Amino acid sequence: MKSLPYFCRGEVIRGFGRGSKELGIPTANFPDSVVDNLPADISTGIYYGWACVGNGDVYKMVMSIGWNPYYKNTKKSMETHIIHKFKEDFYGEMLSVVMVGYIRSEKSYPSLEDLIAAINSDIEQAKVMLDLPENSKLKEDNFFTSTSNSIINGH
Ligand SMILES: Cc1cc2nc3c(=O)[nH]c(=O)nc-3n(C[C@H](O)[C@H](O)[C@H](O)COP(=O)(O)O)c2cc1C
Ligand SMILES: Nc1ncnc2c1ncn2[C@@H]1O[C@H](COP(=O)(O)OP(=O)(O)O)[C@@H](O)[C@H]1O
Ligand SMILES: [Mg+2]
C-alpha cells in the first residue's frame with residue numbers, strides 16, 4: 001500500500017456502542033468525512049499504528065476499516081482501539097492517527113468469542129510491530145504535536 005504511513009485526524013463520533021459493551025474493546029469511530037477521504041489503495045481490513053487524543057500522549061493503536069462482517073454493517077466504518085486505559089470517554093475530541101501497517105482483512109467469525117480472540121491477537125501483533133525502529137520513529141512525528149485541528153490526509 002503506497003499510501004502507508006497514512007496520517008489523518010477527525011472528531012470522535014458515536015457508533016453502535018458494541019465495542020465496549022459486547023466486546024470489551026472500545027473503538028473510537030471517525031466521521032464519514034475521514035472515511036470518505038481514504039486513498040483508493042487503503043483497503044478495508046485491520047491496521048496498526050499510533051494515535052493521540054487532543055494534545056495527549058501518543059499510544060499504540062489497532063484500527064478496523066470496513067463493514068464489520070460479523071455484524072453485517074451497511075455503512076463503512078473506521079474505528080481505532082487505543083492500547084491504553086482511559087479514565088473517561090472522549091466523544092467529540094480530535095483523534096489523530098498514523099496508520100503504519102496492515103495486519104489482515106476483515107472476517108466474520110462463528111462466535112463473539114472468536115471475534116474477540118482475533119482482535120486480541122491483532123493487539124499483540126501490533127505491540128510487537130510498533131516496537132521495530134522504523135515503526136516506533138513515527139510516534140515522534142511532528143504531526144502529533146502540530147496545533148492544526150483540520151483533517152489532514154497524506155503527509
Ligand atoms: C483490531 C480490530 C479488529 C477487528 N476485526 C473485525 C473483524 O475481523 N470482523 C468484524 O466483523 N469486526 C471486526 N472489528 C470491528 C468490531 O466488530 C467493532 O469494533 C465493534 O463492532 C464495535 O463497533 P462500534 O464502534 O460501532 O460499537 C475489529 C475491530 C478492531 C478494533
Ligand atoms: N482505549 C480506548 N480506545 C478507544 N476508545 C476508547 C478507549 N477508552 C475509552 N474509549 C471511549 O469509548 C468510545 C468507544 O466505545 P464503543 O463501545 O466502540 O462505542 P461507539 O460505538 O460509540 O464507538 C470512544 O469513542 C471513546 O470515547
Ligand atoms: Mg466504536
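**View 1. The annotated domain, residues 1-131.** The UniProt annotation "domain: Riboflavin kinase", taken from an unreviewed entry, covers residues 1-131; UniProt positions follow the numbering used here, feature names are shortened, and annotations may be inferred rather than shown by experiment. This is a predicted model, in which local features need pLDDT of at least 70 and side-chain atom pairs count only at pLDDT 80 or more, while totals for chains, interfaces and linings use all residues. Residues are numbered from 1 along each chain as its sequence is written, and chains are lettered from A and ligands numbered from 1 in the order in which they are written. Over residues 1-131 the chain is 22% helix and 32% strand, with its end C-alpha atoms 20 Å apart (helices, H or I of at least four residues, and strands, E of at least two, are DSSP runs numbered from the N terminus).

**View 2. The shell around ligand 1.** Of the 25 residues around ligand 1, those that come nearest are Gly15, Phe16, Gly19, Ser64 and Tyr70, a residue being near if its C-beta atom, placed from the backbone, lies within 6 Å of the molecule or strand. Two or more residues are given to this shell by each of α1 (18-23), β4 (59-66), β5 (77-82) and α3 (112-130), and α3 gives the most, with four.

**View 3. The shell around ligand 2.** Among the 20 residues around ligand 2, Gly15, Gly19, Ser20, Pro26 and Asp89 come nearest. The elements giving two or more residues here are α1, β2 (28-29) and β5, with α1 giving the most, four residues.
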